Amino acid sequence: MNLPNRLTVARIGLTAVFVMMMLLPRQGIIMSHFVYGKTLALLVFLVASLTDWWDGWLARRNHQETNFGALLDPVADKILTTAAFICFIEQPSYRPGVPLVQAWMVLVIVARDFLVTGLRLIASGQGVVLKAEELGKHKTASQMITIIITLAGLAARDDWQWAGERFDVSFSRLVFGLMLVTVTLTLWSGIAYLWKNRGLLLSDA
C-alpha cells in the first residue's frame, strides 16, 4: 500500500479517535482519559482534514493514483464529516433537552451523500466519470467551516469554561444558523447534481 492510501486509511482511524474524544463520558463504567476531549477532537479533526489534502497531493505528485484511493478517499471524507455531525447531535444546546444540532439536519446531509455516491457508482458502471461541481465544493467548504467553528465553541464551553450563559445562547444560535446554511447548500447542490445527471438515473429505469 502506497503512502497516499495509507494516509486515507489513517483518516478513517483518526475518525474513530475523534468520536471517542467527543463522546466518551468522564464518569461511569468507561472512564474517559480525554480531560480536554473537545479540544483534542478539534485538533484531531484538523489533522484528519489535512491528510485529505496531503494524500491527494502526494498521489498526483508521485503518480501514485490508484483505484483503491479513488474509491476510499471520498468515502473516508464522508465518514469523517458525518461522524462529526452525528456527534453534534449528542451535544446539548443552551435549552435543556434540546440538542446542539438537530437530527433532521444531519439526516439531510447523510441522505444527500448517499444519493450522490450511488449516482457516481451508476455512472462508473457505465464508464462515465462524474466530476465535482462548483456547488458541491461550496457545500464541502460550508460543512468544514461549520464543523470547525462548532468544535472550537464546544472546546471553549466544555473544556476551558470560558462560557457563561450569554456565550452558550449565542453559540447555540450561531451553530443553528451555520447548520441552516450548510443544509441549504447541501440540499441545493444535491438536487442540482441529480437533475443534471438524471439521464444516468433514468437510463435503467
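**Terms and values in a predicted helical model**

Trainee: Why is F176 called partly exposed?
Mentor: F176 has a relative accessible area of 34%. Buried means under 20%, exposed means over 50%, and partly exposed lies in between (1.4 Å probe, protein chains only). The value for F176 is therefore in the partly exposed range. This is a predicted model, in which local features need pLDDT of at least 70, side-chain atom pairs count only at pLDDT 80 or more, and totals for chains, interfaces and linings use all residues. Residues are numbered from 1 along each chain as its sequence is written, and side-chain values use heavy atoms, leaving out hydrogens and water.

Trainee: Where is F176, and what does F176 touch?
Mentor: F176 is located in helix α6; helices are DSSP runs (H or I, at least four residues), numbered from the N terminus. Residues up to four places away in sequence aside, F176 touches Q102 and M105, where contact means heavy atoms within 4.5 Å. The C-alpha atoms of F176 and L100 are 7.5 Å apart in space, although 76 residues separate the two in sequence.

Trainee: Why is W162 described as exposed?
Mentor: W162 has a relative accessible area of 66%, which means that it passes the cut-off for exposed. W162 lies in the loop between α5 (134–159) and α6 (165–196). W162 is also one of the residues of a nonpolar surface patch, together with V35, Y36, L40, L43, L46, I148 and W160. Helix α2 (residues 37–61) gives the most to this patch, with 3 residues.

Trainee: Which helix has the highest mean pLDDT, and which the lowest?
Mentor: The term pLDDT is the predictor's confidence in each residue, from 0 to 100. Among the elements of the protein chain, α6 has the highest mean (92) and helix α7 (residues 198–202) the lowest (72). The protein chain averages 84, and 84% of the residues score at least 70.

Key. Patches are made of residues with over 30% relative accessible area and no salt bridge: like charges are joined within 9 Å, nonpolar side chains (Val, Leu, Ile, Met, Phe, Trp, Tyr) within 5 Å. Accessible areas come from the Shrake-Rupley method with a 1.4 Å probe; for residues, only the protein chains shown count as cover. A salt bridge is a side-chain nitrogen of Lys or Arg within 4 Å of a carboxyl oxygen of Asp or Glu. Helices (H or I, at least four residues) and strands (E, at least two) are DSSP runs, numbered from the N terminus.
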